[in-house]
Amino acid sequence: MDDDLFARLRTSLLAGLPAEALLTDPQVTTSYATDMASFCAAGTPAAVVLPRTVEQVQHVLRTATALRIPVVPQGARTGLSGGANASDGCIVLSLVKMDRILEISAVDRIAVVEPGVVNAVLSRAVAEQGLYYPPDPSSWEQCTIGGNIGTASGGLCCVKYGVTAEYVLGLDVVLADGRLLRTGRRTAKGVAGYDLTRLFVGSEGSLGVVVQAVLALRPAPPRQLALAAEFPSVAAACEAVCAVMEAGLTPSLLELMDRTTVRAVNALGRMGLPEATEALLLAAFDTPHAPEDLAAVGELCTAAGATAVVPAEDEAESELLLQARRMSFPALEALRPATMIDDVCVPRSRLGEMLDGTAAIARAHDLLIGVCAHAGDGNTHPIVCFDPADEDETRRAQRSFGEIMALGLSLGGTITGEHGVGVLKKEWLARELGPVGLEMQRAVKQAFDPLGLLNPGKLF
């Protein structure tokens with residue numbers, strides 16, 4: 001960006017923002033350039049804005065439209081696809097200061113929040129009123145509701161409760177030209193018009209900037225009880241997953257960790273998980289009859305070939321098992337200098353093929369690839385561990401990453417279940433959608449953002 005345009009941008013932004021909301025020092029703004037994804041292109045932002053009000057967000061978008069400057073919305077930047085990465089000369093619009101919980105209604109079972117509210121903060125606030133907000137990404141202590149909406153985040157409880165999209169009833173969105181759009185409802189039911197709310201969920205900030213959300217809540221369930229089952233093979237563990245689902249059981253959590261992941265978690269957190277197992281399946285229930293439900297799962301696991309089934313003795317031990325699962329990503333990241341985290345979701349019935357195929361890819365490329373999975377909904381996270389200083393290993397890692405996505409598509413799956421497309425998977429999105437689907441997606445983008453200013457270079 002040339003000096004004249006930068007001066008005009010700064011003057012225009014300060015006309016509607018307090019000075020402390022605008023950052024232009026390059027040593028500061030460059031720290032906002034990326035999220036947590038590896039090997040995703042990022043540019044240098046011209047400015048970072050941290051608004052506190054809807055009116056300030058509108059001012060930023062009007063300024064950007066007038067000066068034809070791209071805008072990259074951001075939350076906590078815990079994303080894993082480069083969806084929040086800056087473009088050269090852009091305005092980074094960080095929503096983290098808009099962090100108020102505006103309303104919690106036990107009667108209507110809704111919460112109204114700003115986009116910068118941290119997921120765990122909201123979850124604890126509604127729990128104090130006997131309510132429950134189910135979506136719980138692994139980064140729930142850091143990630144924001146706005147970011148969760150942007151990427152349609154999931155979490156450990158999706159097998160029973162579904163993903164973020166299931167809980168977004170309505171949105172306030174600032175459009176590219178600064179207009180404020182209100183979508184959806186506060187009511188339990190409502191089908192008027194096109195469902196624009198769901199259109200924005202998962203749009204990664206490419207259609208508008210979410211400034212308020214109406215979220216559905218549920219009554220707080222009983223505390224979870226969990227069990228761990230050890231298997232001699234990943235295939236046997238996947239057979240148990242299919243048996244649990246076919247039996248009509250409704251676990252609140254059904255997670256799988258392969259041997260590499262189990263060992264990594266033990267190394268990082270000294271969790272005492274069984275390292276001899278080839279696959280560890282974690283199941284939990286938050287039902288009134290959790291011990292009986294777990295016993296039924298235990299029988300199915302044994303029938304599928306489990307070598308050990310160990311129920312947690314109490315809620316505290318159950319929570320330790322869940323902590324071990326949440327530790328999977330950082331534990332695998334600690335094994336090598338860099339990681340590429342895949343997010344391929346396949347039909348549950350093809351889960352065993354997906355994991356066996358991933359293991360074959362790891363062997364073919366002589367790479368360390370650990371897999372943790374939301375097994376109950378078929379969402380796998382193969383994590384490719386490598387050293388970026390080793391050019392050959394880096395090439396093999398990138399090749400394996402693509403082969404894993406191709407495998408998922410060949411099994412009737414999708415390239416992302418909850419992490420989004422961003423920069424990392426945009427080429428693969430085109431393959432999944434096909435030419436007609438891609439044309440329709442681009443038409444939607446054109447309708448909402450005709451100048452192409454919102455999060456350019458992402459998705460497609």
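This is a predicted model: local features need pLDDT of at least 70, side-chain atom pairs count only at pLDDT 80 or more; totals for chains, interfaces and linings use all residues.
**Close-up 1. The largest nonpolar core and the surroundings of V384.** This core has 54 residues, and those with the most contacts inside it are F231, L256, L281, V297, C301 and V384. Its largest share, seven residues, is contributed by helix α8 (residues 234–246). Apart from this core lies another, of 31 residues, with I110, V112, V117 and L171 among them. When neighbours within four places in sequence are left aside, V384 is in contact with A338, T339, M340, L367, L368, I369, A397, S400 and I404.

**Close-up 2. Aromatic pairs, of which the count comes to four.** The ring centres of Y133 and Y167 are 6.2 Å apart and the planes stand at 75°, so this pair is edge-to-face. Because Y133 lies in the loop between β7 and α5, and Y167 in the loop between α6 (158–161) and β8 (168–174), the pair ties together parts that are 34 residues apart in sequence. Both Y133 and Y167 are buried. The rings of F200 and F448, with centres 5.3 Å apart and planes at 80°, also form an edge-to-face pair. This pair links helix α7 (residues 196–200), which holds F200, to helix α15 (residues 426–448), which holds F448, across 248 residues. F200 is buried at a relative accessible area of 2%, and F448 is buried at 18%.

**Close-up 3. Charged ends over tryptophan rings.** The charged end of R124 sits over the ring of W140, 5.4 Å from its centre, while that of R431 sits over the ring of W428, 3.9 Å from its centre.

How values were computed
Residues are numbered from 1 along each chain as its sequence is written. Side-chain values use heavy atoms; hydrogens and water are left out. A nonpolar core is a set of buried Ala, Val, Leu, Ile, Met, Phe, Trp, Tyr and Cys residues joined through side-chain atoms within 4.5 Å. Buried means under 20% relative accessible area, exposed over 50%, partly exposed in between (1.4 Å probe, protein chains only). Helices (H or I, at least four residues) and strands (E, at least two) are DSSP runs, numbered from the N terminus. Contact means heavy atoms within 4.5 Å. Rings of Phe, Tyr and Trp (its six-membered ring) pair if their centres lie within 6.5 Å; planes under 30 degrees apart count as stacked, over 60 as edge-to-face and the rest as tilted. A charge sits over a ring if NZ of Lys or CZ of Arg is within 6 Å of the ring centre and within 35 degrees of the ring normal.
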